[in-house]
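Work through the exercises below with the model open. Each task is followed by a worked solution.

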Amino acid sequence: MTKIAILDSKKQKAFDAPPRLKKEDRARYFILTNDLRHRLFNGLRLPINQLGFILQLGYFRASGQFYAPDQFHKRDINHVARTLKMTTVDMAQYNESTRKHHRNLILVHSGWRLPSTEDNHNLNNQAKWYIEQQLSPIKVLQTLVEFCWHHHIVIPSYSKFSDIISRHYNEYEDSLLLTLQRTLTLEDKARLDSWFYAPDAKAYNRPPITELRSINQSVSPGDIQKNVATFNSIKSAYEGFDGVMDTLALTDQANEYFATWVQKAQTFQLTSFADRHKSYLHILAYLKHQYYLRQDTLIDIFLKSTLSSRSQLQRLLQKRESEQRHHRNSAIKTVSKSNKDLTAFSNQVISIVTMAPTTEIEKVRALENLVEEHLKSFDEKKRQRIAKMEALLESLSDQGYFYDLIESQSIKLQRRVSNIVKTVEFSQRSTDKALLKAILHFKQTQGDIGQSPPLAFLTENEIEKVCVEESPLRVSLYKSLFFFHITDAIKSGGLIFDSTYRYKGIFDYMIDDITWPEQRDNLLTTAGLEDFNDVTTVLNKLKKQLNGKYRDINQRALQGENRFLSFDKATDKAKVITPKIDNDDFAFIGDTLMQAGYVPIQTILSDINTVCHFNACFTHFMNKHNKMKPSLEMLMAAIMGIGCNIGVTRIANISIGLNEDTLENTVNWFFSLPNIQSASDRIIEYIDKLSLANAYQFDPEATHTASDGQKYYVAVDSLNAAYSFKYFGKDKGSTVYTFLDEKQSLFYSTVISASEREAAYVIDGLMHNEVVKSHIHSTDSHGYTESIFATMHFLGTAFAPRIKNVGSQTLYGFEAPKFYKDKGYKIFPSRRINIKLIKDNWEDILRFMVTIKLKKSSASQLFSRLSSYAKDIPLYQALKEFGRIMKSHFILTYFDDLELRQRIEKQLNRVELSNKFAKAIFFANNQELPEGLKMEQDVIAGCKMLIQNAIVLWNYLYLSEFLANMDNDQERDAAIVSILNGSVLTWRHVNLHGEYDFTREAANDVQFDLNRILSLTVSR
């Protein structure tokens, strides 16, 4: 079996060795509680056994592992020996049987266990699951370790993990190749081979596979038709292989992995595999990936085009409304005066008729005189004007103009989207059957729909406008309405697609209906959600907590203990104020860092790499090529070129010591998003070691994180961008959504369209990072929904958003409002929680959450589909209903906890400062995103975040050394206070511009005294 090198030899040894503990760690881990001392320790007679027991206990607490005595670190031995007042220590006397006995005592006391046969089976299943998603070996290793921690299983050795991961990687690949050997015919192989070679031997001809590597993001009619033609050629090539792909049963993630390798590889590499079937595996995955990706692209273009057409219609209607407002007002006045005159005339007639005492002859004469006077004042011109005004008002109120306008814009829309509808493959599982019938007719007639197309999908009013009596069908109007209905159905889930990444039905993204009932309990355990198994138990616990919170806040309010809470006199709604924290001191940190002068960004990156070796995270894209490493110079240049928006080509041309081809190759094979994220994580891990950084954390046991979006112009055509006049005027842009913790480490970043709601991406940031475990997370109102409250609860993270007009939010309770009113509560729920809705859909909620936890689909993918549905499906209704419990609990806590409100404000202020920081780093090319594809935009955002984290760590190191070198304790304490009242998100001292020289070796020498820095202790 080929063994995969998951970790290098140095890290392998570190994995199996006791952790290196700092002074404060020893005090925390090598300590005995009273219970431990009484139940276990006091029964140990020999000092050496007492020493060995405490060392084993401390190492186990820190790492979840046990070690042989000859591995114990000397400093740790000496520390424990001093606490036991032992003068001499001979670890050889701590024998094996005693060590195992102590290990068993520790396991029983802590509720942990050695891996059982069932545990090993679960570990293998876990590894197999993630390998089928083509997670990198290091990610699989981290996942398995996390699984052991969560389930209180002693962490196995690196060798055991390596065996499990290597075996499943090899078995998975072997099974795929064997499937292809059995299923591919000679004709199939010939068809696949044709993609690797040019049609003839002429030098300027290129293999067909190379023509697919770029996707046009433009929505101009000409470019759209080119995209349609390319899609049709891929669809034709893929036809006949869908059965083979069904047999392979690649997950979307695995398919994308194999396809991405083809995207990156040069032509000769595509045919260089020793086993030809490996080439076929990659090209099949690539064709499927292109088929899915380009169908998604065409759907995106269709949606953008129809939505743009609707926006244009809205603008034209508003323009007409503005132009005709004066005429409408004039008409209304004329008709109104006419009506008033008629009313006065009628009143006079009634008065004459009822007048007494008068004869009939006198009444007739009076009426004749009245009519004669009225006719004199009401000439023909006036009558014509009134008639004209009445007609104008009737035309303005008629919807006919709206449909005329739609019809007038139809040809322009048809040129863009007709061929897309003819080409893309709508799923027959779609629920909007009437529209499916119309789509089939449109395809069969090639858009020449005739005079009798299907009409059932139209509204009655639309049918009336399209089918005018004794007139031909208004074909152009029909087609525009047809396209608009398709748009609404795609967004609402009425129309779905099978061959797509992003437009399937919601349940297609979740664990399937067959797997869930068969493996439910195992999946819940693997996902760490077994505590949510019984819905009644979960709801009873939440009911007790929420009712207790209503009781506590009302008691404090009635007793006047919450002086920042008041009630609106008009509405009786609760209001709360949050005093500003006035101890910010940003100048001190900036001035202190400037003592080092202006530091080149290249120096900062080099210093930080020397400290934490983040370059080791840039592994080759192929999972089994981990030994290949890029040069440090190329790595640094690429990070700066991408992260500062200089560009790879440009930085190669303006720098000394770089080769452009080598630099581009480095970016191609080593700059994957997981690698960039891992490099940032490596920096964050080092930040976590610093006492100064940890002093920023309000609660050492609970990390408070926050996220916020920042708008960027996009310089090229992009379907991941949107118009926003508020931010971009007439241009388009995207949102870079970034996550930050209390230590001011940036731990996740993604790029979304400026028109998308940020809330869908909150869970992604908390799930897709390896080093920051968020206990409390804050966003502004853009990042908040009730369903996010629910999801956060399952993740074990408290959601604490800053909600606009929080006092106007609806509160919910487990009892009817009267129950709380009768207790005299001023703050009470407006509505009762629908427990039946939650219970009826609990299984789907669990399946939804397991899907997210096991990363079968991303939370953003699931929420984007759920939120697009025109009518909420029961799953979404139940998820929101469950979230209302947590939302109500949070709002009550928010009202009652000044400290929490101030922490939320402070953390959101930090993330807003990080956005300014990001703009400064991204200084080149007008700070516009230079790429249109989301994947490439995410790589840019990741490199920018990596540079920010490097500067943050550099700032921490400089400030820590500054404090360590201070001799006066009072001055040091004052400096610490100033630093903690400020922010390390500062960059005034960083020189981002200038000439870049990658030939100087001196840049590899770190300037910091790391031992002195790491020994520094800072407290709040």
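**Exercise 1: A strand and its partners**

In the hairpin formed by S7 and S8, four residues sit between the strands, and Gln-744 has a positive phi near 70°. The model is predicted, so local features need pLDDT of at least 70, side-chain atom pairs count only at pLDDT 80 or more, and totals for chains, interfaces and linings use all residues. Residues are numbered from 1 along each chain as its sequence is written, and side-chain values use heavy atoms, with hydrogens and water left out.

Task: Which strands pair with S7, and in which sense?

Solution. 
- Strands (E, at least two residues) and helices (H or I, at least four) are DSSP runs, numbered from the N terminus. Two strands pair if DSSP finds at least two bridges between them.
- Take S5 (residues 704–713). Nine bridges tie S5 to S7 in the antiparallel sense. Thr-705 stands opposite Asp-741 of S7.
- Take S6 (residues 722–723). S6 and S7 run antiparallel and share two bridges. Ala-722 has Gly-733 in S7 as its bridge partner.
- Take S8 (residues 746–753). S7 and S8 run antiparallel, joined by seven bridges. Thr-738 has Ser-749 in S8 as its bridge partner.

Solution. 
- Apply the cut-offs: buried means under 20% relative accessible area, exposed over 50%, partly exposed in between (1.4 Å probe, protein chains only).
- Count along S7 (residues 732–741). Ten of its ten residues are buried.

**Exercise 2: Positive phi in loops**

Task: Where do Asp-572 and His-613 lie?

Solution. 
- Asp-572 is not a glycine, yet its phi is positive, about 65°. Asp-572 lies in the loop between S1 (565–567) and S2 (574–576). Its relative accessible area is 42%, so Asp-572 is partly exposed.
- His-613, also a residue other than glycine, has a positive phi near 55°. His-613 is in the loop between H26 (601–612) and H27 (632–643). Relative accessibility is 42% for His-613, so it counts as partly exposed.

**Exercise 3: A pocket lining**

Task: Which helix supplies the largest share of the lining of the second largest pocket?

Solution. 
- On a 1 Å grid over the protein atoms alone, a pocket is an open set of points where a 1.4 Å probe fits, with protein on both sides within 12 Å along at least five of seven lines; lining residues have an atom within 4 Å of a point.
- Start with the lining. The second largest pocket has 19 lining residues, and His-793, Ala-798, Phe-799, Met-886 and His-889 are the closest to its centre.
- Assign elements. H24 (535–558), H34 (786–795), S10 (798–799) and H39 (874–896) each give at least two lining residues. H39 gives the largest share, five residues.

**Exercise 4: A buried glutamine**

Task: What does Gln-677 contact beyond its neighbours within four places in sequence?

Solution. 
- Locate Gln-677: it lies in H30 (residues 673–689).
- Check burial. Gln-677 is at 12% relative accessibility, so it counts as buried.
- List contacts (heavy atoms within 4.5 Å). Gln-677 touches Phe-747, Tyr-748, His-768, Asn-769 and Met-945.
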